[in-house]
Amino acid sequence: MAYVTDLRVEHLDDPIGISDPCPRLSWRIVEAEPGAVQVAYEVEHTGDGLAPHRAKISSGRSQLVEWTSSPLRPRQRVNIRVRVWLEGKDEPTGWSEDVTIEQGLPADGWSAEFASPSLEAPTDGPRPAYLLRAEFDLPSNATRVRAYATARGVYDLLVNGGEIEREVLAPGWTSYNHRLVYRTYVLDGLVEPGRNVIGAWLADGWFRGRLGFNGGRWNVYGADVSLLLQLEVTTADGTVVNVPLTWRWTLAPITATGLYEGETHDQRRAVAGWATAGFDDSAWSVTTSVPRPPAVRLVTPSAPPVRVIERLRPVTVERLPGGRVRLDFGQNISGKLQVTASAPTGHIIELHHAEVLEDGELATRPLRSATSVDTYVFAGVASETWTPRFSIHGFRYAEIVGWPEDQDPAAAVEALVVHSDMTRRGWFASSHELLDRFHDNVVWSMRDNFVGLPTDCPQRDERLGWTGDIQVFAPAAAFLYDATGFLSNWLDDLRAEQIEHGTVRNFHPWLDCGFPADPSAGWGDAAVIVPWVLYERSGDTAILQRYLPAMTDWVDQVDRLTGGTGLWNSGFQLGDWLDPHAPPERPGESATDPYLVATAYHAHTARLVARSAQILGEDRLAERYDAIADRATQAFQHEFLAPSGRVVSDTVTALAIAIVFDLLASESQRRDAGLRLAALVERGDNLIRTGFIGTPLVCDALASTGNIDTAYHLLLQERCPSWLYPVTMGATTVWERWDSMLPDGTVNPGEMTSFNHYALGAVVDFMHRTVAGLAPGEPGYASVRVAPQPGGGLRYARAHHDSPFGRIATSWTRTGDRFDLQVTVPPGVRAQVTLPSGEGPFSVGSGSHDLSCSFRRPEDDPKPARAWNIHNPDERREMEAVLALQADEAPGGSHDHAG
């Protein structure tokens with residue numbers, strides 16, 4: 001029997017402490033009969049000061065439907081539930097489970113001030129953490145107790161000795177000079193009438209700790225850390241009482257902590273009972289009150305909190321000379337270790353971290369100045385369990401120095417996987433073991449780098465929100481996880497800093513650490529492309545409305561830089577970053593003209609802005625940006641297309657970008673460009689010849705011009721450089737460089753070498769859409785396009801995605817010349833199915849559908865590794881030079897930090 005599930009409020013997992021007075025609702029219908037269609041829904045509201053209210057609406061909509069009751073007031077708490085009527089059914093489904101919504105504080109509702117334990121940082125090294133406590137009396141007629149909290153720094157809250165939330169590194173990193181996220185904590189059940197205590201751990205985090213590369217910067221946002229907490233009690237008669245708090249502080253047993261450096265904890269300094277009533281804090285100091293900066297907005301969360309998501313046990317344990325213990329967790333993660341052991345008082349253990357081994361030792365050179373060492377000093381009690389509170393690392397391997405010899409680390413040490421608590425939405429599998437492992441690696445790299453904001457890497461002295469990385473990866477991210485709220489939070493920072501600086505920087509939040517601040521194509525274009533992708537995958541026009549000013553401002557800025565000609569041929573550009581042609585110390589030296597990339601992106605994003613404006617009903621605005629896109633397209637064709645139709649640079653990236661961004665002048669040019677692209681890939685022995693810009697586009701460019709077999713040869717290549725080469729080398733995440741580790745097992749000599757970047761994994765979006773054949777047909781998967789293109793010798797492939805309407809799945813198998821396809825469609829969605837034989841499209845509604853055809857391709861099997869098939873001596877020398885560059889040993893450069 002059909003029922004309603006997954007009732008959601010906006011794009012939030014937990015709608016407690018929100019700011020929208022009229023939030024939109026979405027739900028899914030499951031276990032409905034095939035072909036079922038919703039014809040009406042009813043929403044029931046109950047709660048604070050609100051008589052039970054029901055509203056029945058005749059509509060087939062189930063996504064982002066408008067609020068049907070009176071607007072919510074600040075602090076108001078309501079319960080909602082939904083039921084629906086299906087076509088041909090007299091009775092509705094049962095009610096969904098209740099969802100509770102609670103409003104946060106009004107903008108003018110804050111009376112508390114920041115409480116700071118110290119106005120001046122004592123040194124430029126890792127600082128200690130602090131303990132803060134405040135006691136308060138709770139009246140016996142209290143019905144509701146709320147804490148609204150944030151910090152300039154990172155914090156953990158406790159009430160009466162127990163931790164409130166399992167959030168890590170709250171409140172996360174935002175552009176602190178513009179936005180500071182606060183959370184609403186429900187204290188009901190944690191407090192009792194009489195005396196109670198709120199306690200807090202407080203440390204530097206991103207606010208005051210070291211950030212960035214080239215030595216980084218300290219105190220980027222201020223010289224003090226501070227906690228802001230407003231405590232409110234609602235009594236039985238509905239009165240809201242703001243409870244004043246007097247905060248006192250002392251140094252925590254965390255004697256030094258930094259995101260890059262690691263954490264030192266001396267358990268001998270632990271203060272028993274400090275967060276419980278009756279504790280004598282007379283020796284503690286009173287905090288200093290710091291007024292709230294008027295320019296900083298306190299905002300409610302749109303992204304899920306960062307949490308410990310998974311725990312891993314070591315797969316191997318090795319005892320090394322000198323008393324070291326090496327642990328291999330079998331997976332490269334972002335996170336931290338948790339240890340349980342007993343040792344005499346004062347005994348010290350050190351926890352060292354690394355992603356890979358080199359010459360039998362932890363490879364720490366790629367960490368640069370991020371030492372990533374945690375230290376614990378035992379108090380000497382029977383058994384002590386500890387994990388760093390305010391530091392995380394990127395690692396697969398760990399070494400413990402000083403581990404007690406009589407205790408088994410295999411049972412006593414865990415790796416805690418830490419990232420934003422997003423909901424998984426998409427999966428992929430095939431008959432190719434290495435391809436599946438590569439897909440898993442991409443998922444892990446996304447997890448490891450979605451820690452509050454989309455970072456480039458989780459391990460070295462960087463971990464910044466690079467715009468170019470997420471621009472290329474956004475489609476994959478939106479398929480794999482529900483990332484809409486997460487990425488919207490980051491876009492709000494981008495927009496705030498765009499307004500301040502007059503441009504989109506190459507990473508956000510921005511800090512000046514020596515990298516050029518100039519606008520760069522493919523990176524700044526994230527201001528347009530990421531909102532567009534979120535709209536495409538969610539169907540939410542409010543996203544376009546919210547970010548349209550950022551989108552237009554970026555395109556207008558580039559238009560001015562071109563002098564209105566559409567040709568962006570001056571200034572700093574990152575170009576096709578990490579082209580494998582580039583030497584290790586100069587990753588920006590691409591074979592593709594960077595101004596070709598810049599002009600192409602200008603045309604592409606101007607066109608996306610025009611489409612966005614048209615969707616929003618802004619027809620005159622759409623005409624304006626269509627004209628800008630037309631000028632840029634014409635400039636591209638004039639400057640970068642030869643009369644013969646050959647694309648200047650004549651590289652894989654140049655051709656792919658011209659094809660995918662639809663910049664060629666005619667269908668014949670497009671066909672010829674596809675043939676030339678396939679020829680270049682073949683002449684390159686099906687090895688990768690693209691960097692950050694070309695890599696997400698090349699397989700689509702090949703497939704869309706009828707060269708699907710070449711796309712498979714490229715996708716399934718195992719020699720370096722290729723997507724599968726790192727898998728053959730044991731990688732469990734996606735590397736920053738195609739050859740972060742060289743075939744002999746040594747680490748690339750370049751100063752910029754990470755083993756955990758998601759950007760080059762953007763090709764999994766092609767795997768979802770083309771290999772498995774699952775793609776949105778309309779925004780938000782309101783319709784689906786199913787058109788698998790098998791090849792590469794794959795016997796089967798399948799994907800499923802939990803769309804806003806429910807699970808969509810495709811699964812195909814090949815047996816001889818027979819192709820069988822199964823498609824599953826949720827209620828409210830239709831799929832347009834095209835078989836690889838060319839039959840179709842067939843339109844199918846909800847339910848499961850089986851289709852088949854006869855199909856055979858001349859080149860079904862992937863090409864095996866083989867000797868050079870290049871006969872032109874110049875081209876042979878060119879490719880030999882590319883491979884030779886992989887073995888170059890050159891010192892690090894000064895500008896090789898982009899994403």
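Two strands are regarded as paired if DSSP finds at least two bridges between them. The structure shown in these close-up views is a predicted model.

**Figure 1. Strands β4 and β6 pair in the antiparallel sense.** Nine bridges connect strand β4, residues 38-47, with strand β6, residues 77-86. Within this pairing, V43 has V82 of β6 as its bridge partner. Strands of a sheet pair through backbone hydrogen bonds, in either a parallel or an antiparallel manner.

**Figure 2. An open sheet is formed by five strands.** The order of the strands is β2-β7-β6-β4-β5, and their pairing is mixed. The edges of the sheet are β2 (16-18) and β5 (50-57), each of which pairs on one side only. From one strand to the next, the twist averages 30 degrees.

**Figure 3. Strand β39 pairs with β34 and with β40.** Strand β34 (residues 426-430) is antiparallel to strand β39 (residues 796-803), and five bridges link the two. Strands β39 and β40 form a hairpin, with two residues between them.

**Figure 4. The largest pocket has a volume of about 1,400 Å³.** Its lining comprises 45 residues, and those closest to the centre of the pocket are E536, H604, V660, D700 and R769. Helices and strands that each supply at least two residues of this lining include α4 (467-480), α6 (526-538), α8 (594-615), α10 (652-660), α12 (695-704) and α15 (764-771), together with β37 (774-776) and β38 (783-786). By class, 26 residues of the lining are nonpolar, eight are polar and eleven are charged.

**Figure 5. The second largest pocket holds about 840 Å³ of space.** This pocket is lined by 33 residues, and S19, D20, T300, S302 and R546 lie nearest its centre. Strand β23 (297-299) and helices α5 (484-501) and α7 (541-561) each contribute at least two residues to the lining of the second largest pocket. The lining of the second largest pocket consists of 15 nonpolar, nine polar and nine charged residues.

Definitions and conventions:
Residues are numbered from 1 along each chain as its sequence is written. This is a predicted model: local features need pLDDT of at least 70, side-chain atom pairs count only at pLDDT 80 or more; totals for chains, interfaces and linings use all residues. Side-chain values use heavy atoms; hydrogens and water are left out. On a 1 Å grid over the protein atoms alone, a cavity is a set of points where a 1.4 Å probe fits but cannot get out, and a pocket is an open set with protein on both sides within 12 Å along at least five of seven lines; lining residues have an atom within 4 Å of a point. Grid points are joined across faces, edges and corners, and a volume is the space filled by probe spheres set on the points. Helices (H or I, at least four residues) and strands (E, at least two) are DSSP runs, numbered from the N terminus. Ala, Val, Leu, Ile, Met, Phe, Trp, Tyr, Cys and Pro count as nonpolar, Asp, Glu, Lys and Arg as charged, and the others, Gly among them, as polar. Axes are lines fitted to C-alpha atoms, for helices over the stretch in contact, and angles run from 0 to 180 degrees between N-to-C directions.
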